[in-house]
Structure formats: C-alpha cells, structure tokens
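Here's a quick walk through one residue and two chain-to-chain contacts. Have the model open while you read.

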Amino acid sequence: MQQLAQQIVSGLALGAVYASLALAIVLIHRTTHVINFAQGEMGMFTTFVAWSLITNHGFSYWAAFATTLAIAFAGGILLERVVIRPVESASPLAVIMVTIALFVVLNGLASWIWSAETRNFPSPFPGVVTVWGVSLSRHEVGAIAVSLVVLALLWAFFRFTRLGLAMRAVAIGPEPSRLLGVRVGWMLALGWGFAAVLSAVSGMMVAPIVFLDPTMMQSVLIYAFAAAVLGGIDSPLGAVVGGFALGVGINLLSTYVDFVTPELELPVAFAVLIGVLLFRPSGLFGRAVVRRV
Amino acid sequence: MRSTPVRFGLFAVGAAVVALLPLFVSEFRAFELARVGIYVIALLGLSVLTGYAGQISLGHGAFMAVGAYTTAILTTRYGIRDLWTIPLAGLLTGLVGFLFGFPALRLVGAYLALATFALAVAVPSLAKYGRIEEYTGGGGGLLLNLPATPFGLPLSASDWLYYLCWGLAGLLFVAAWLLVRGRIGRALRAIRENELAAVSSGISLPAFKTFAFGVSAFYGGVAGSLYAITINYVNPDTFPVGLSILLLTGVVVGGLGSLAGVVFGALFIQYLPLYASDLLDWPLSRLGLKIDTSAPGAPAVVYGLILLAVLLLGSSGAAGSLARGTRALTNSLARRP
Amino acid sequence: MRRKLIPLAAVVAAAVLVTIPGAFAGSARREAPGVTARSVTIGGTFPISGPASLYAPIAKGMQVYFSYINARRGPDRKRGVYGRQIVFKIYDDQYNPAQTVQLTRRLVEQDKVFALVGGLGTEPQTPVRPYLNQQKVPQLYVSTGATTWGADRKQYPWTIGWQPDYQSEGRAYGDFIRRTDPSAKVAVLFQNDDYGKDYLAGFKPAVGAGRIVAEVGYEVTAPSVTSQVAQLKASGADSFFVVGTPRGTIQALVTAYRLGWRPKLYVNSVSATDAFLTQATAAAGSREAVNGVVTTAYLKDPASPKYANDKTVATYKRLLAKYAPGADPNNGLYFYGMAKADTFVQTLYRAGRNPTRESLLNAAVNLKLKSPWLIPGTTIESSAKSPFPISTVKLTRYTNGAFTEFGGIIKTR
C-alpha cells in the first residue's frame with residue numbers, strides 16, 4: 001500500500017516535469033500552430049545560462065531565475081523574428097525543419113560553450129518531505145506546485161487579459177484579427193517569447209532531478225510530446241493532466257505489470273502518442289486535430 | 001523541363017563516373033562513398049514520401065533499423081548469405097511501412113512529424129525487449145561477418161561494397177524515376193499540393209499514401225540492410241534519432257521533389273559533419289578569432305546553421321539552386337564534344 | 001524505343017566496368033605504418049559529444065599526457081619516445097558504432113595510424129575488433145571493462161583491454177558481502193544493457209543464492225530512477241548495489257536518501273569516483289547520501305587525502321592545470337586517461353627503437369610494469385595466460401568526503 005502511494009506520488013513529480021515542458025509545447029502550438037522540436041533544447045540552453053549566472057557570476061538563485069526568464073523571453077522573440085518568420089508562410093515541413101535545425105544548433109552550442117559534463121543545478125526548495133511513509137523531495141513538491149501555478153497563470157492570462165484575448169484571436173483567425181487591429185506578427189512573436197519562458201522554467205525544474213547536461217531534455221521531450229497530445233495539444237489543462245497521467249501510469253506499469261520492463265518505457269510513450277492521435281485525436285481536453293478524408 | 005535524352009545522357013555520365021571512381025580513389029574513400037550510396041538509397045525513399053507525396057517523416061531511421069536487423073538476424077542466426085537478405089529486408093520493411101501508413105493516413109503535417117519522431121525513438125529501444133532479445137542481441141547487438149567480396153570477384157572488399165551500394169542505388173534510382181514520372185507520381189504530387197483537390201479529382205488518398213509509405217520503407221529497408229553489411233554490426237545505438245534527422249536534412253538540402261538532388265543530399269550528410277570544424281576554422285581564423293572548433297558541439301553548430309540557411313533562403317533554395325547549378329555544370333560538360 | 005536503350009547501355013557498361021579487376025594494386029606496405037623518424041601517429045575514437053560524452057575527459061587526459069611526453073626529455077634524453085613525437089588523433093564517434101566503424105577505418109586507411117589506443121565503449125569497439133584483427137592493427141587498452149576483451153584474445157589476438165573486467169569486479173563485491181555480512185538482504189539496481197549484466201554475471205554467483213531479494217533494471221535514457229529505487233526500498237533490503245553509469249548512479253543514491261532508505265551502499269567503480277559522489281552529496285544536500293559507499297579501486301584517487309603528497313598525483317595535477325586549464329582534477333576520468341596514456345608510452349618504449357606493429361603488440365601482451373599510477377603494491381601485468389593487464393583491485397570506502405582503501409589486494413584474474 002505504501003509502495004503504491006510512493007509510486008503514485010513519485011509519478012506525479014515526474015509528471016510535473018513532463019507537464020512543464022508540455023505546457024510550453026502547447027502554448028506555442030496554440031498561438032502559432034507550430035510543433036516546436038527545439039522546445040526542450042531551448043529549456044536546456046536557458047538552464048545553462050542560469051547555471052552560469054549562479055556559478056560564474058555570483059547571482060543568487062532567484063536573481064538568476066528572473067534574469068534567465070528575461071533572457072529566455074527576449075531570445076524567444078528574437079528566434080521568432082529571425083528564423084521562424086521567414087518560413088511561416090511556407091510549408092509546415094519548412095517550419096518543422098527550422099525547429100529541428102534550432103535543436104541541432106542549440107544542443108551544439110551548449111556542448112561547445114559549457115562542455116558535456118554533467119552538473120548539479122541547485123533547487124530553490126531543498127530538503128525532503130515525508131508523510132505517512134511516503135517521501136518526496138521538496139523540489140519535487142515544488143515542481144508539482146510550479147506546474148500548477150503556471151497552468152493557473154496561463155489560464156488567467158488567456159481568460160482575463162487583453163493581450164491573452166488578442167493572442168487567442170490570432171490563433172483562431174489571423175486575418176479577421178488583423179482587420180480588428182490586432183498586430184498579428186507581434187502576437188506570434190510574443191507566443192514564442194512566452195513559450196521560451198515556460199521552457200526555461202521547465203529546464204530549471206528538470207535540472208535538479210535529471211542533472212544538467214546538453215542531453216538533459218531529450219528524453220523529457222518525448223514524454224512531453226506524449227503528454228501534450230494525450231491532453232489535447234491545444235489545452236494547457238490537458239498538458240498538465242496528460243503529464244501527470246503519463247508519469248503515474250508509467251511508474252505503475254513498470255512496478256506492477258511484469259512484461260513492462262524498463263526498455264518498454266519509451267515505446268509506451270510512443271504507443272500513447274499514436275493511440276491518442278488515432279483513436280481520440282482531440283485528446284482528453286482539446287479540439288480535433290486530424291480530419292477524416 | 002529538360003528533354004528526356006538529356007536526362008538519359010546525364011544519367012549515363014553519372015553512372016560512368018560512379019563506375020570508374022574506385023579506380024582513382026583509395027580503398028578508404030571507396031568505403032566512405034559506399035556509405036554515400038546507402039544514403040542515396042535511403043534518401044530516394046524519403047524523397048518519394050516527403051518530397052513527392054508531401055508526408056513528413058522523422059522516422060526513416062527506424063525503417064533502416066528494421067532492414068538492418070532483418071539482415072543481421074538472417075545472417076547471424078540462419079546463416080543466410082548477406083547478399084540474399086537485402087531484398088528480403090527491403091520487402092519486410094516495405095510491409096512494415098505500408099502498415100504504418102494506415103495510422104499515418106489520419107495524421108496531417110506536424111502530427112505526422114510527431115508520430116514518426118516517436119517511431120524513431122521507440123523502435124531502437126524495442127530491440128532491447130527481453131522477449132525478443134534472443135533474436136536481436138539486446139543492447140549488445142549482433143556482430144556480422146566482416147564484409148567480403150563474394151563469388152571470387154577480383155575486387156577488394158571496400159570496392160565490392162562500393163559497387164554493391166551504388167549498383168543498387170542506380171537500380172533503385174531508375175525505379176524511383178519511373179515511379180514518379182508516371183501516373184503515380186502525378187497523383188502523389190497532387191496529394192502534396194492539395195489533398196482535397198486530389199480527392200475530388202478521383203485520387204484515392206488511402207491507396208496512394210500507404211503506397212508511398214510502403215515504397216519509402218522498402219528503400220529504407222534496403223539501405224538499412226546495406227548499412228548492417230558495411231558496418232558488420234547492429235545495435236540500438238546504431239540508429240539514434242539523429243540518424244532520422246540527418247536523413248530528413250539530406251532530402252531538404254538536396255531539394256524537395258528532386259531525385260537528382262538526393263545524390264547531393266547524400267554527399268552533404270556524409271561529409272559535412274566530418275569537415276564542419278574545418279569549415280568553421282576558415283572564417284574564424286580570417287576574423288582573427290581564436291576559437292577551438294574541435295570542441296564538442298562545434299560541428300553540430302555548423303551543420304545546424306547550414307541547414308537553417310538552406311531553409312531560410314527558400315525552402316528548396318540554396319541547396320536546390322546549388323544542385324541545379326551542379327546539374328547545369330554537368331549538363332554543359334556533357335554537351336562538350 | 002531507342003531512347004530506352006540508352007540507359008540499358010549505361011547499365012551494361014557499368015556492369016562491365018564492375019568486373020574489371022581492381023587495376024591499381026596498393027604499393028608495397030612500409031615496415032611500420034604511422035612511424036617516422038620524428039613521430040608516431042596513433043588514434044582512437046571517443047564519445048566527445050552525444051549521450052555518452054561524460055567520458056570525454058578520458059580522451060583529454062590521454063592527450064594531456066602525450067603533450068607532456070612530447071615536451072619533456074625522457075630517460076634517453078630525447079623528447080617524445082626515442083625522439084619521436086606522439087601524435088594522437090581523436091575522433092568523435094558519439095558512441096554510435098556506425099560512426100566508430102567509419103572513423104576507425106579512416107584512422108587505419110587514411111591517417112595510417114600505427115595503433116589504436118584507448119578506444120571507448122563496449123558496443124562501439126565490438127564491430128571494429130574483427131576489422132582491426134584482420135588488418136593486424138593493434139587495438140590496445142580499450143576503454144571498457146567488458147570481460148570479452150581479455151577472455152576472447154584467442155580469437156582476436158591483436159586486441160587487449162586494460163582495466164579490471166566488470167565480471168571480476170562484480171565478483172569482488174559479491175565475495176565481500178558473503179564474507180562480511182552473511183545475513184545481508186541485497187537489492188540491485190542495474191543499467192539495463194550488457195554493461196550492467198556483465199557485472200551481475202560476476203556478482204550473483206559470488207554473493208550467493210538467496211541474498212538478492214530484489215533486482216530492477218533502468219534505462220540509461222530514462223529521466224529518473226525514482227520508481228525503481230522505491231520498488232527496491234519496498235523489498236526490505238538492507239544493502240543496495242548500484243551498477244550504472246554516473247548519472248543514473250547519482251540519481252539512485254540521491255533518491256534512496258530522499259526516500260529515507262539508508263542501506264549499506266555498494267557502487268561499481270565506474271561511477272564511484274570522488275567527483276560523482278561529491279555531486280550526489282550536493283544534490284542530496286547531505287553527506288549521509290553517500291557515506292559508507294563501498295567500491296573498488298585500482299588507480300590512485302587524485303581526490304583522496306591519502307595521496308595528497310603523492311608524486312604521481314602531484315604531476316597529474318600540474319599537467320592538467322598546464323595543458324587543460326579549467327578541468328576538474330578530482331574527476332578521476334582525467335586520471336584514468338593519463339594512467340592509460342602512460343601505460344602506452346611504457347609499452348612503446350618496450351617495443352624497441354624501431355617499433356613495428358608486431359613488436360608493439362608483443363610488448364603490450366607481455367607487459368610487466370610497476371606503474372606509479374596504480375594503488376601501491378600492484379603492477380600492470382599481461383601474458384598469454386592472463387591477458388588482463390590490470391587485474392588487481394582493492395576495496396575502498398567513502399567516508400566523510402574521502403575514500404579509504406581497506407582489506408588486502410584482490411586478484412581478479
């Protein structure tokens with residue numbers, strides 16, 4: 001019983017990690033209809049920036065955190081303006097390829113600048129919590145809380161702010177929005193900026209658990225994709241629920257189902273992704289993403 | 001549109017160059033170029049699927065893995081001569097691709113990219129699954145015999161590999177060309193341009209899309225089989241996601257919807273990562289910057305930036321025009337008396 | 001119709017050309033490829049980038065040591081070895097065997113190296129072994145402890161390993177537990193691949209049936225091992241044996257600590273270096289997470305106070321600071337690389353003033369070397385009977401941030 005509880009709680013913590021990146025994927029998809037394969041690497045890169053600020057420039061954790069988010073925001077906007085904008089009207093293949101090129105460049109740059117060594121990244125929430133024999137590090141509790149807070153912020157942003165409303169409008173109909181005086185181009189750039197901020201948050205939540213190195217986000221990315229699709233790729237709530245479901249589900253499967261051995265964890269994520277796309281393309285909370293022909 | 005005789009002429013010149021090259025290059029180059037031939041085959045398949053039918057695939061490496069494992073298992077476990085496993089690997093992988101085409105039917109654009117990406121990630125780890133480990137060798141993989149020249153042919157092993165890979169590449173090139181120039185090619189292009197219009201003009205999407213997946217996977221399987229033969233080994237690390245990304249890059253750089261471009265694309269993906277740091281050294285030293293370009297990551301940066309440049313300068317742009325330039329050059333050379 | 005004949009003709013022409021005998025046979029082979037009066041060129045493939053890049057310091061350590069050898073005056077008062085500068089070509093195979101094959105052929109056929117030294121990784125080195133043996137190129141001191149490098153030398157006489165093999169190391173932990181803690185209940189976390197399983201093949205029979213109460217594998221790509229460690233904790237074990245590569249091992253130790261599980265800890269030597277345990281300490285926020293870790297050592301530990309005044313360790317630190325500024329001297333992988341480079345240099349001296357591949361191989365497989373890089377009282381020895389150059393380990397325990405060796409020297413072979 002205690003084992004079951006422990007597996008569920010650790011699964012939630014892992015799920016929060018997937019959810020945080022899935023939120024960034026969802027945000028970009030929702031505002032610009034792009035699936036960004038470089039989302040994880042953006043998080044990894046900005047986390048290295050934060051690490052560098054802390055270890056080499058003497059920043060405190062929270063100062064580094066805030067500075068990194070600002071850098072990520074500017075970087076996201078810059079990326080959109082410089083490399084995404086020119087291909088936006090081209091085929092979806094071109095946009096996907098650009099994000100893949102970004103993946104390669106960011107990963108290479110990180111190994112180049114900081115080398116491929118594995119590093120510790122500090123957590124703002126040190127220590128351990130134990131309740132009824134179930135233990136969790138404060139960091140993992142923090143990661144769960146952060147993913148929920150980000151979710152609430154996103155919801156409030158899209159629901160209550162003019163900017164959020166404008167971004168939603170652009171996502172639904174760029175042309176009518178333009179006619180209504182919304183600056184469509186800037187909305188798309190802001191979408192990238194915010195998504196970069198979210199992936200930076202995700203990276204800084206992942207790093208204390210997975211440890212910081214250039215490949216840190218690569219397996220997380222697969223699970224985050226699966227989580228985003230499971231939740232319905234346009235739904236932030238879905239991304240978080242999908243992340244939790246995946247984290248808990250895989251933990252339980254590998255603990256209690258004999259034939260699910262560790263090498264099947266990635267294939268399980270793959271099966272979830274394909275299965276959802278095929279049988280319930282709208283995911284748990286989203287709109288339909290595929291059409292029948 | 002160039003006339004057909006000119007195309008034949010070009011192909012003949014190309015074939016002659018390919019056939020004579022080993023006489024002028026070292027054994028090692030022949031071995032390296034054999035890998036280029038393998039990439040040509042893989043890229044031809046991807047080109048039919050992505051370039052012509054417009055279906056993004058980030059999972060081509062997974063199809064290569066299926067072909068490679070087929071050959072590895074048949075040769076190590078059942079003692080079949082590696083040469084005969086090549087068609088089997090192609091057909092089996094083609095079947096797998098054809099079947100994958102059915103779920104893929106329902107996925108458009110970015111979702112297909114996601115699904116195929118997941119395929120590329122999942123297939124290599126499947127090879128480690130305990131219940132089939134006996135066949136696949138698990139993480140430790142399967143060791144094949146060193147490539148050797150069969151039938152007592154008077155060729156070195158590297159030259160044999162070279163002719164094997166390029167011979168098949170030539171054959172499959174012609175097959176792909178015959179495929180895309182006819183009715184099927186027109187149908188695939190129509191699907192790429194506008195699915196709804198294609199359907200309303202009587203093209204069956206399920207039939208053509210699954211067909212394109214099957215053909216693409218067949219090519220991938222043949223390429224994978226040759227890959228296993230040349231490196232005399234397979235294991236999950238041999239087929240990282242990076243391989244699938246590399247292949248898609250090759251198709252884009254070669255120019256989408258250009259069969260001749262795949263040769264350029266194959267050369268690009270084989271040689272760029274090897275020489276990227278030299279490429280980087282040159283401008284940096286001109287600028288008087290002392291930066292260590294042999295550091296890890298530097299080649300990846302160059303490679304990514306070139307890919308980015310190709311994409312930004314027009315989707316079939318820089319490389320497309322480069323390829324066009326090369327073709328124009330060979331063209332004019334070919335015309336000389 | 002005629003148009004269709006043209007490609008046919010081309011194909012026929014190509015087919016005819018195919019059958020022309022390889023016209024230009026290679027020129028006569030020189031006595032020793034890669035050796036000139038002023039230099040010896042050797043090479044190796046390493047994962048400088050990609051998923052296994054944390055091993056890159058091994059290549060760096062080797063390179064640093066060769067730079068030093070090239071700059072200093074040796075016993076013969078010449079720089080390098082017998083006046084020859086050592087040129088060490090490193091290629092990045094990203095731990096992908098397909099790359100290793102291509103790059104190794106490049107080293108042999110294009111760069112014409114004299115020998116391959118220190119190539120890293122069981123899987124990447126596996127497919128190039130038959131090739132190098134066919135070409136009779138020495139494949140020396142591969143950076144992997146898989147048992148096959150020594151055990152299969154009959155089949156592959158041109159190949160030899162260096163470090164103690166994983167099976168024997170696994171056996172050392174098993175013996176220790178059976179001897180000192182007969183009532184132990186052991187939980188095992190292993191990396192789910194041949195590397196992990198090689199260790200288990202030695203550990204399981206040695207520790208004795210019934211003492212292992214739970215064993216769980218983890219994937220090297222998995223983002224976390226929490227689920228596995230929680231399962232092992234639930235087994236009620238009082239001893240925890242971790243067989244992994246560094247990242248998974250650090251995660252396992254930290255997770256066990258966080259779950260409030262305080263078993264006796266056993267960690268395989270690859271991951272139990274001071275640098276990695278320090279990292280685990282920092283991540284857990286407590287020394288308790290790693291206190292008492294038992295592992296084996298065959299090299300001096302540059303981080304241990306025991307060797308603070310050791311001459312070799314001092315040299316190591318000086319060289320690292322000079323040739324690789326910024327590198328962390330406590331990362332034992334640099335030390336490993338330098339120690340291995342030193343073994344090669346000594347082998348090269350023993351191969352004679354005019355070394356050939358045969359004489360080099362002969363020196364490598366008949367080695368008797370008092371290496372100051374090894375823990376005191378041990379030597380590097382290889383022979384046809386025992387082709388495992390380093391086959392002595394000592395148990396060592398990590399207490400309060402430092403390793404202390406204990407017990408006698410254990411012969412692994």
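Let's start with D274(C), which sits in helix α10 (residues 274-284) of chain C. Helices here are DSSP runs of H or I with at least four residues, strands are E runs of at least two, and both are numbered from the N terminus. This is a predicted model, where local features need pLDDT of at least 70, side-chain atom pairs count only at pLDDT 80 or more, and totals for chains, interfaces and linings use all residues. Residues are numbered from 1 along each chain as its sequence is written, while chains are lettered from A and ligands numbered from 1 in the order in which they are written.

Is D274(C) buried or exposed? D274(C) counts as buried because it has 20 C-beta neighbours inside 10 Å; the cut-offs are 20 or more other C-beta atoms within 10 Å for buried, 12 or fewer for exposed, and partly exposed in between, with C-beta atoms placed from the backbone. Leaving out residues up to four places away in sequence, D274(C) touches D301(C), A303(C), N330(C), G332(C) and F403(C). Contact means that C-beta atoms, placed from the backbone, lie within 7 Å.

Now for the chain pairs.

| Pair | Residues in contact |
|---|---|
| B with A | 39 residues of chain B, 40 residues of chain A |
| C with B | 35 residues of chain C, 40 residues of chain B |

On the side of chain C that touches chain B, the elements giving two or more residues are α1 (2-19), α3 (97-110) and α4 (122-135) of chain C.

Note on methods
Contact = placed C-beta atoms within 7 Å.
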